[in-house]
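Visitor: I am new to this structure. Please show it to me, and let me ask what the terms rest on.

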Amino acid sequence: MSLDIESIRKDFPILEQQVYGKPYIYLDNAATSQTPLNVLKAMNDVYNGYNGNPHRGAHYMSNKTTAEYEKVRDKVKLFINAPTREEVIFTKGTTESINLVAYSFGEAFVNEGDEILVSEMEHHSNIVPWQLLCNRKKANLKVIPFDDKGRLKVEEIPALLSSRTRLLAVTMVSNAMGVVNPVEEIIDMAHSKNVPVLLDAAQAIHHMKVDVEKLGCDFMVFSGHKMYGPTGVGCLFGKKELLDKMPPFMGGGEMIEKVSFSGTTFNQLPYKFEAGTPNFTEVIGLGAAIDYLNGIGINNVIAWEHELLDYARKQLSGIKNIRFFGETEHQSGVISFLVGNIHPYDMGMFLDKMGIAVRTGHHCAEPVMDHFGIPGTVRASFAFYNIKEEIDKLTDAVKKVMSMF
Ligand code: PMP
């Protein structure tokens, strides 16, 4: 089946609007993707029909919310092929999921002199929580470098793994360069030294099949708002044997078994890590986003997005003095570039005035920019609802900006 993009776009009315009197071209999907009508309806249904605090009350609305909320846990379990539903924890997003692991795994397993291994191409949210942990525990953060094409130097990993390495945290896809990392190989390397692996799937979960059982990763994290779901929701997958040994991240309602001033005991998984009223409306919206993606079929998404990316690369390559960042064999979702000496902010501003949304700057990945000695890049990022005409317009607009400088 090939995608009927015209009818898909009708599910995203936001794409139809005009900005500055021009049809809007949204190419900042890696920052936040747009939300289909079924997701908005699912959330509207909560507020209009059954807005009750889950797990708490004995009344109809609370019970209905609880049932719908827990159904989404089963949906996520199937979507990522987690072995059990207890291993799926709802959070506010990728950032919170990583902070949860950095704090709780860190409390349980990381001591003075231990090491955490990350890559040079991580988003700040997969660097800073580990730095905070290392500062707290007097541990050391080590870094896997990448080469000038953006390829992670996986051959250096065995030497970087030591008897003190407690965890390896790596992104599946670089948000700044679109590079797809060989995570199966990385997991094998880490596991051969008994080092658990956290995968940041923020830029992968909606572009490829992420099967945690097949991958064998120990933790995997993602955000709803990048996969056509709402903001304020995301997931942490963690292996039960690790999560069971980790202390709670936040204290509050629902994460307890019994509270008294002489001592408190904690709830079982997954509730131990879901303190307080969760973003239940957004969780239910996330479930609808998964339904939407499943309806299209991930293989159709992969095929169309590859076609778009290849096309964008080909079209933009024709521009004089264009320089791409991320030129490996496996790229996904993102095309990052600079043209001549034009500052990325200038390029972004002019493109915006022509009705084209791209992201400019360091993309919360400053070490990537430092690697290339640049202040930032221009990043166009794609979703299955983008079309080739939009890429043509981007190419023309970039040429126009060039002619102005
Ligand atoms: N990791 C990667 C690879 C990302 O692209 C992002 C978002 N740009 C994050 C982590 C953080 O996600 P969030 O802001 O949704 O927590």
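Visitor: Why is the pair Lys 149 and Glu 327 called a salt bridge?
Guide: The term asks for a side-chain nitrogen of Lys or Arg within 4 Å of a carboxyl oxygen of Asp or Glu. In Lys 149 and Glu 327 the closest N and O atoms are 4.0 Å apart. Therefore the pair counts as a salt bridge. Side chains of opposite charge can pair when their charged atoms come close.

Visitor: What kind of model is this?
Guide: This is a predicted model, in which local features need pLDDT of at least 70, side-chain atom pairs count only at pLDDT 80 or more, and totals for chains, interfaces and linings use all residues. Residues are numbered from 1 along each chain as its sequence is written, and side-chain values use heavy atoms, leaving out hydrogens and water.

Visitor: What makes Asp 74 and Arg 85 a salt bridge?
Guide: Their closest N and O atoms are 2.7 Å apart. Asp 74 sits in helix α3 (residues 60-80), and Arg 85 in the loop between α3 and β4 (88-91). They are 11 residues apart. Helices here are DSSP runs (H or I, at least four residues), strands likewise (E, at least two), numbered from the N terminus. Over the whole structure, the search finds 23 salt bridges.

Visitor: Which domains divide the protein?
Guide: Domain 1 covers 5-30 + 297-404, and domain 2 covers 40-294. The bounds come from an automatic or database domain assignment. The C-alpha centres of the two domains lie 28 Å apart.

Visitor: How do you know that domain 1 and domain 2 are in contact?
Guide: Contact means heavy atoms within 4.5 Å. Here it takes 34 residues from domain 1 and 29 residues from domain 2. The buried area is about 2,600 Å². That is the accessible area (1.4 Å probe) that two parts lose on being put together, summed over both. Carbon and sulfur atoms give 56% of it. Ile 298, Ser 332 and His 371 supply 20% of the area that domain 1 buries against domain 2, more than any other three residues.

Visitor: How many polar contacts and salt bridges cross between the domains?
Guide: Across the interface, 18 residue pairs are in polar contact, both residues at pLDDT 80 or more. The rule wants a pair of N or O atoms within 3.5 Å; within protein, one must be able to donate a hydrogen and the other to accept it, and residues adjacent in sequence count only if both atoms are side-chain atoms. The salt bridge count between domain 1 and domain 2 is 1. On the side of domain 1 that touches domain 2, α11 (298-317), β14 (334-339) and α13 (366-372) each supply at least two residues. The largest share, 6 residues, comes from α13.
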